[in-house]
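Thanks for asking me to look this one over with you. Keep the viewer open as you read, and find each residue as we come to it.

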Amino acid sequence: MGQVLRFDYDGLIQETRVHSSVYTDQRVLDDEMDQIFRKGWVFVCHASEIPGSGDYVRRQLGRDPVFAIRATDGTVSVIENRCAHRGNIICVEEKGTRKALVCQYHGWAYDTKGTLIDVPHPEGFKADFTCSSLKRMPKVEEYRGFIFGSFNDDVPPLSEHLGRASELIDRAVEMSPTQELDLSGGWVKHLVGCNWKMMPENDTDGYHVSFVHPSFAEAIRSNYDSAVLESEEDTKSESKAWGGGHTELYFAPAYDRELEWFGCKEDRYPAYTKAMKAAYGDKLGGEKLVEGPPHAVIFPNLFLGEMNIVMFQPVSVTECLHLHTPMMLGGVDTEVNSRIVRQSEGAMGPTGFLLADDSVIAERTQNALEGNGGWLDLARGMHREFVDDNGITTSHLTDETPNREFWRHYKSVMLAE
Amino acid sequence: MKVTIEERMDVEGFLFKEARYADESRYSDWESLVDDDMHYWIPLAGNQAEGELQVSILNDNRPRLATRIRQLNTGVRHAQLPVSRMCRTVSNIEIEKMEDGSFHVLTNTVLFEERTQTAAGLSVSWPARVEYKLRYKDGELKMFLKKVMLLNSEGPLRGIGFLL
C-alpha cells in the first residue's frame, strides 16, 4: 500500500480511447496486483463449492495462492496458502475436505480458521506461537452465495463495491425457484495468450459477435440469432454500464417468450416453469422466465455468463486464464441441470463453439499491440447513450458503453491512494 | 474373446487413418469414421463418470458432433484459421474383443501441434490416454466412442479448435 505509481494512467486512459501499453507494460500488471487484486474486492468462490465443514477450494488471487475453507461453525475464511513457519503450500489439492490443516514440510498444524494448534518438537522453539497462525484475508463477505474477499483492512463494504450491480447477481440467483445456485460442476481452465483485461472487455462486447462468430451463426440455430446477430437497425438487445466497472449485455428486449434464452420451446421444462411461478408469483416468475439470466461482468474478475460462471485470472502481462463452470440451479429436475452443463460444454472453454474463436482473436490483438502499439478506440455510440427506466446508462448492443465503463472505473482504481 | 491378427490389423489401420484425417483437418472424412451413436468426450477429471453433473472439456453426442464439424466446415472458424499443423503418434495399442463383437481399444497418443493462428513458433504437445470403442458396420470399422483423457485435462489448456 502507498507505493509510488509508475505509469501515466491519467494520460493513457481517456474517455474515448485507451493506449495499448495498458495491455503490454509489466509495470501496469505490477500496479494492478496491488491496486485491484489486493486493495479492492475480488470474487473468490461460491458457497456451494464448499458446502460442508472443512470443505476447501484453492484459488489464485492476483499473485497470492489462497484457499477458501468452511469452519465447523459454518463461517468461511479465505487463507493465504503458505505455512507460517517456512512458507510451504498447505493445501495441495485443488479442493478437498480437512478437519485440520497440516503442513507436509515440518508438520505444523492449523485449525480450519488458520489458527496454529500444534507444532512438532516444541522444545526447540522459544517464540510465542500466538502470532504464528496462517494469514487470513482480512475482509470476506458473501452476497447471495457469492463469496468475495479483500486483502485490504480498510476496504469499503462489499455492498459499496457491488453498488447497483448486486441486482445482476440477484437476477442470476433468481433463475432458481429456490434461490440456490450449485457451482460444484468443476472449473475448466482455459489459457489465453492475452492480457487479462481483454477478457472482461470481450465478454461484454456486443459489436464483435457476427464477425468473430460467423461459423457459429452459420452452423447453429440458437437464441443468439435474435439476441446478438440481428442487423444494427433490428437489434433490440442493449449494452449497459452499471457503475463501478460492472457491465452488461442485456438480451431480454430481444426475447418474447419463456425459456427463449435456454434455446428451447417454452413448454420444454414444465416442472421448472411451474416451480418458478409458484416461487415468485405468476407475473414475476413469468417475467424472469422471459428475461433469462444476466450476461454481465462484475469488476474485476467475475463474469455472470448467462448459465455459466466465469473467473478471470491474470497469469502474466500477456497471458490469463478464463475459467468457467456451469451455473446449475437448486430446486430443478436433473434434466434442467444436465442441459445447463451440456450448453456450457458447447459454448465455453478451449473447445467451445464461441470461446475458442474469441481467444484466438484476443491473442492476435495482444500480439499486434506489442512494440510502439497505439491507441484503441472506445468512442462507439457515445452520442446515443441514455439512462433507462431503472437508472442505468444504456446504449445499443454494439456500442462501447461497457468498455468505457470498465476503463473509467479501472482508471479511478489505479489512481486511488 | 481372442483378437485375431486380421482384426488387430484392421483396428490399427483404423486408428492410423483416424489420426491422419485429424492431422490433416479432413473433418468430413473423419466424420465418416463415426457411427450413429458416437460419443466424443474429453473429460475434465480422470475419474469422471458418464452422465454425472460435472462439466467436461468436450462432450459431444452425435448431433453435437455434427454441429462441430459443420462449424469447422464453414471455413470461418477463426480458432482453426489457418489450421494447426499436427502430427499424432499412436502407440501402446491394447485391444479387447467384447461379447457382442465390438472392440474396446486403449492407446497412448501424443499430438504435436504447431499453432499457426496467432504467432509463429508456438508448439504445444497434447499427451493423452485415448479409449475407443469400435464395431464392424457393413464390413468397415466405425467408432462409437472416442474418449480422450488428456494428461493436463485440469489445465491450463490452450484452445482446442481442432478435432483432438
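This is a predicted model: local features need pLDDT of at least 70, side-chain atom pairs count only at pLDDT 80 or more; totals for chains, interfaces and linings use all residues.

1. Let's begin with A:Asp64. You will find A:Asp64 in strand β4 of chain A, which covers residues 64-70. Is A:Asp64 buried or exposed? Its relative accessibility is 11%, and buried means under 20%, so A:Asp64 counts as buried.

2. Now look at what surrounds that side chain. Which side chains make polar contacts with the side chain of A:Asp64? One is the side chain of A:Arg38, at 2.5 Å. Another is the side chain of A:Arg82, with a polar contact of 3.0 Å. Leaving aside residues up to four places away in sequence, A:Asp64 touches A:Arg38, A:Arg59, A:Glu80, A:Arg82 and A:Phe151.

3. Next, a pair of helices in chain A. Helix α10 spans residues 270-280 and helix α11 spans residues 282-291. How do they pack? Their axes are 6 Å apart, and the angle is about 135 degrees. That angle makes α10(A) oblique to α11(A). The crossing of these two helices, α10(A) and α11(A), is right-handed.

4. Which residues meet where α10(A) packs on α11(A)? From α10(A) come A:Tyr272, A:Thr273, A:Met276, A:Lys277 and A:Tyr280. From α11(A) come A:Asp282, A:Leu284, A:Gly285, A:Gly286, A:Lys288 and A:Leu289. Sorted by class, this contact has 5 nonpolar, 3 polar and 3 charged residues.

5. Helix α3 (residues 26-35) and helix α14 (residues 401-415), both of chain A, cross at roughly 80 degrees, and their axes come within 9 Å. Angles of 65 to 115 degrees count as roughly perpendicular, so that is the term for α3(A) and α14(A). On the α3(A) side, the contact is made by A:Val28, A:Asp31, A:Glu32 and A:Gln35. On the α14(A) side, the residues are A:Tyr410, A:Val413 and A:Met414. The classes here are 4 nonpolar, 1 polar and 2 charged residues.

6. Do check the cis peptide bonds. In chain A, one joins A:Phe299 and A:Pro300, with omega about 0 degrees. Where is A:Pro300? It sits in the loop between β16 (295-298) and β17 (302-305) of chain A. In chain B, a cis peptide bond joins B:Leu81 and B:Pro82, and omega is about -10 degrees. B:Pro82 belongs to the loop between α3 (62-73) and β3 (85-97) of chain B.

7. Finally, look at two residues with positive phi. A:Leu259 is not a glycine, yet its phi is positive, at about 65 degrees. A:Leu259 lies in the loop between β15 (246-250) and α10 of chain A. Its relative accessibility is 0%, so A:Leu259 counts as buried. B:Asn92, also a residue other than glycine, has a positive phi near 50 degrees. Where does B:Asn92 lie? B:Asn92 is in strand β3 of chain B. With a relative accessible area of 45%, B:Asn92 is partly exposed.

Terms used
Residues are numbered from 1 along each chain as its sequence is written. Chains are lettered from A and ligands numbered from 1 in the order in which they are written. Side-chain values use heavy atoms; hydrogens and water are left out. Helices (H or I, at least four residues) and strands (E, at least two) are DSSP runs, numbered from the N terminus. Buried means under 20% relative accessible area, exposed over 50%, partly exposed in between (1.4 Å probe, protein chains only). A polar contact is a pair of N or O atoms within 3.5 Å; within protein, one must be able to donate a hydrogen and the other to accept it, and residues adjacent in sequence count only if both atoms are side-chain atoms. Contact means heavy atoms within 4.5 Å. Axes are lines fitted to C-alpha atoms, for helices over the stretch in contact, and angles run from 0 to 180 degrees between N-to-C directions. Angles under 35 degrees count as roughly parallel, over 145 as roughly antiparallel, 65 to 115 as roughly perpendicular and the rest as oblique. A crossing is left-handed if the near helix is turned anticlockwise from the far one by less than a right angle, and right-handed if clockwise. Ala, Val, Leu, Ile, Met, Phe, Trp, Tyr, Cys and Pro count as nonpolar, Asp, Glu, Lys and Arg as charged, and the others, Gly among them, as polar.
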